[in-house]
There are 2 protein chains.
Amino acid sequence: MYKISITDSLIQNAVSLESSQRLLAEKGGMSAEYSTRVARNVNMEKLQSNYLFPEIAAREMKHRKKYPNAKVISLGIGDTTQPIPLNVALSMANFAQALSTPEGYSGYGLEQGNQELRKAVAATMYKDLPVKDTEIFISDGSQSEISRLQLLLGPHVSIAVQDQSFPAYVDSGVIIGQTGDYDHASGRYRNIEYMKCGPENNFFPDLSKTPRTDIIFFCSPNNPTGHASSREQLTQLVEFAQRNGSIIIFDSAYAAFVSDGSPRSIFEIPGARKVAIEVASFSKLAGFTGIRLGWTVVPDELLYSDGFPVQHDFNRIICTCFNGASKVAQAGGLACLSPEGLKAINSVVDYYKENASILIDSFTSLGLDVYGGRNAPYVWVHFPGSKSWDVFNEILEKTHIITVPGSGFGPGGEGFLRVTAFGQRDDILEASRRIKSLL
Amino acid sequence: MYKISITDSLIQNAVSLESSQRLLAEKGGMSAEYSTRVARNVNMEKLQSNYLFPEIAAREMKHRKKYPNAKVISLGIGDTTQPIPLNVALSMANFAQALSTPEGYSGYGLEQGNQELRKAVAATMYKDLPVKDTEIFISDGSQSEISRLQLLLGPHVSIAVQDQSFPAYVDSGVIIGQTGDYDHASGRYRNIEYMKCGPENNFFPDLSKTPRTDIIFFCSPNNPTGHASSREQLTQLVEFAQRNGSIIIFDSAYAAFVSDGSPRSIFEIPGARKVAIEVASFSKLAGFTGIRLGWTVVPDELLYSDGFPVQHDFNRIICTCFNGASKVAQAGGLACLSPEGLKAINSVVDYYKENASILIDSFTSLGLDVYGGRNAPYVWVHFPGSKSWDVFNEILEKTHIITVPGSGFGPGGEGFLRVTAFGQRDDILEASRRIKSLL
């Protein structure tokens with residue numbers, strides 16, 4: 001009864017959105033009703049309301065009404081489906097139970113996170129790299145952390161994002177005030193540099209033509225394309241940032257899926273410590289999407305133009321705008337990094353990668369060009385000349401499979417679909433059969 | 001080994017602060033070192049670096065070095081000390097353990113929180129009030145939530161705070177850009193309205209002399225003064241907000257400690273639904289300081305000047321800048337609100353209130369005027385004509401007791417000390433003996 005699917009969540013958001021809009025429409029001039037005299041935040045006004053996942057949820061809801069007996073398979077949102085390892089679950093359970101005893105109880109933790117966990121992250125995730133435990137800040141996941149980084153940076157920095165990218169970078173940039181208005185014609189916000197990534201450039205931007213920005217959000221393995229940037233590509237990126245005096249915010253949420261030797265951390269690249277922050281997460285690494293845990297690395301050497309250490313301001317943000325991740329979640333994170341935990345979480349990652357292989361084969365059998373999926377839990381399928389939402393609708397109508405239209409990740413995603421490899425094997429196999437039947 | 005005291009946390013912050021400053025000082029002109037070309041956020045530059053609790057931690061550290069054999073008693077930071085009820089701990093433990101099974105596993109939850117928990121909060125905490133579950137957003141605690149509310153409101157609103165108040169309102173306002181520079185002479189940031197509250201006005205501002213602001217942060221029972229505003233006072237506040245078209249952000253973190261019939265929620269006041277947001281927490285209610293759980297009420301009727309519902313934008317913030325509280329914590333919150341849980345958490349609150357009585361008696365016996373402590377876990381002691389930091393030092397030197405200087409909560413707190421009633425009974429009794437020995 002405590003289990004709520006993400007689909008319900010998204011449907012609720014979609015419904016809430018709809019009812020707000022209806023409420024506003026019904027109110028008309030609103031003269032009769034009491035309003036405060038507080039002006040709506042202009043940055044919130046700029047945000048486009050048809051946020052990707054609620055829109056998908058609304059379409060799914062409509063589809064389910066139309067076909068009440070169909071078994072809908074969701075390969076939409078990237079949500080983990082496999083149980084967490086027993087030792088991790090028991091570690092959290094024991095920690096929680098001990099909170100009812102005088103010996104086991106404790107109150108506030110360090111805002112930066114439990115020291116033992118910070119040390120374990122440094123020792124296991126950065127073992128051959130010079131990342132110190134004091135440079136690691138434990139978070140409640142990447143999404144919250146990206147907004148805290150935006151609070152750190154403020155409204156006056158210029159930003160670049162990969163086109164396509166996870167919507168939170170752009171949306172949080174709009175909210176903090178870094179961007180201009182949304183331009184409906186181009187599908188872009190003004191004052192953001194969209195770095196086009198696609199098959200034509202091996203999913204890596206042409207940096208010789210990319211203008212300087214203060215901040216570069218860069219996700220590898222990438223959500224949504226599933227492309228892991230190579231060592232050579234990331235070396236180019238770090239050198240580009242050094243030449244321009246930019247800061248890279250490197251999102252490594254899918255690092256655990258890398259299997260071809262591509263870097264799992266930006267700090268594998270020489271010089272990155274002077275130009276990069278890394279945002280990482282237990283969500284996809286260990287199935288912690290509902291448990292909420294991640295970490296962020298802010299190296300000592302990263303300095304603002306006046307020489308002030310970025311880490312110092314970030315520490316202040318963490319202490320003022322956050323109060324630490326749940327200690328229960330942190331106990332689970334620590335168990336993940338034990339030898340037993342690492343072995344177990346790696347086998348779950350392998351399971352999802354096998355799912356990805358099945359999906360790659362399925363779409364390839366239709367004669368389509370398929371990207372990603374080898375170093376990431378996302379498969380990125382090309383439908384040249386088609387509109388993403390049209391393909392989304394067609395696949396939903398013919399196969400009852402939910403995907404994500406690529407255009408939802410930026411205008412460069414038009415003509416693509418993102419398909420997630422998170423799922424039960426039976427569902428993935430059934431999805432594969434339905435996809436192949438489209439031939 | 002997983003247990004870390006808040007003191008360690010604060011010392012680490014103090015040390016980190018110190019080393020950053022030293023690093024910066026050592027660097028001097030910094031010409032030889034590589035810096036990015038990203039300008040430091042001007043809002044972060046405005047923040048004063050001697051943040052209250054790290055400064056206290058630094059002084060405590062010094063004191064412990066000076067008196068290595070003294071038993072220091074901390075009545076400083078307001079951190080819970082008593083174990084959580086067994087049914088609450090077991091509920092979290094069972095939920096966590098089930099995550100290792102196919103039946104018990106689930107991924108992302110609703111960003112707004114588990115529906116059952118939202119319903120339970122509405123039914124138990126607002127049982128005679130028209131607060132709906134859909135108006136309740138589950139958070140990871142008040143501190144994070146205040147910053148998310150600042151993201152919602154943006155840099156262009158004007159704000160008022162009680163003087164004295166919890167530093168997070170002011171500091172987050174500085175970070176988001178709502179304020180001017182810090183004025184060292186007055187100890188205030190420019191462009192914030194500081195509403196003086198003290199014994200002379202029964203800890204409630206003179207609203208006839210208070211200028212209009214867009215936002216009014218108001219905490220009752222108050223941190224640090226321990227004063228619970230009366231029904232009449234809060235009625236005045238709501239009417240003031242209505243006249244001015246302001247929004248009250250009402251922090252009710254200490255509501256569980258109210259025992260004299262004062263309102264525990266701003267929504268007990270007629271008309272509040274059109275002018276108020278309420279931020280609440282399980283931290284002090286149920287000892288969840290390290291577990292991280294709270295909730296926020298944004299009523300349907302709260303509208304911006306253009307009639308747009310505040311709740312709609314807040315929902316967007318929650319979905320973009322947050323990804324829900326840990327599901328394990330939410331399972332614990334639900335157990336707190338069961339009849340068994342409520343009974344158990346109330347008895348812990350009573351224990352802390354007994355501590356407060358002991359502390360009130362102790363300071364009263366010195367002939368001092370003592371406020372708070374009857375509806376709150378904080379006792380507010382007046383030392384007329386003295387500087388807070390001097391009294392802090394004197395008490396530390398003579399009794400080895402850590403308190404909090406009132407001036408740390410705003411210039412109006414000068415001459416006061418805040419003493420927390422969270423603690424083990426034995427420590428409180430020992431502190432009482434030492435305080436009385438000052439006579």
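Begin by selecting residues 71-435 of chain A, where UniProt, in an unreviewed entry, places the feature "domain: Aminotransferase class I/classII large"; UniProt positions follow the numbering used here, feature names are shortened, and annotations may be inferred rather than shown by experiment. The model is predicted, so that local features need pLDDT of at least 70 and side-chain atom pairs count only at pLDDT 80 or more, while totals for chains, interfaces and linings use all residues. Residues are numbered from 1 along each chain as its sequence is written, chains are lettered from A and ligands numbered from 1 in the order in which they are written, and side-chain values use heavy atoms, with hydrogens and water left out.

Colour residues 71-435 of chain A by secondary structure: the chain is 37% helix and 16% strand over this stretch, and its end C-alpha atoms are 14 Å apart. Helices (H or I, at least four residues) and strands (E, at least two) are DSSP runs, numbered from the N terminus.

Next, stay in chain A and show E135(A) and R273(A), which form a salt bridge with the closest N and O atoms 2.5 Å apart. E135(A) sits in the loop between α5 (115-125) and β2 (136-139) of chain A, and R273(A) in the loop between β8 (247-251) and β9 (276-281) of chain A, so the pair ties together parts that are 138 residues apart in sequence. A salt bridge here is a side-chain nitrogen of Lys or Arg within 4 Å of a carboxyl oxygen of Asp or Glu, and the whole structure holds 44 of them over all chains.

Now bring in chain B and select the interface, where 125 residues of chain B are in contact (heavy atoms within 4.5 Å) with 126 residues of chain A. How many salt bridges are counted between chain B and chain A? There are four salt bridges between these chains, among them the one in which the side chains of R40(A) and D313(B) meet at 2.7 Å, N to O. Then highlight helix α1 (residues 6-27) of chain B, which supplies 11 residues, the largest share of the side of chain B that touches chain A.

Finally, superpose the copies by least squares on the C-alpha atoms of residues with pLDDT of at least 70 in both: chain B can be laid on chain A with an RMSD of 0.0 Å by a turn of 180° and a shift of 0.0 Å along the axis. The two copies are thus related as by a two-fold rotation axis. To locate that axis, centre on A93(B), whose C-alpha, at 1.9 Å, comes closest to the rotation axis of the residues of chain B.
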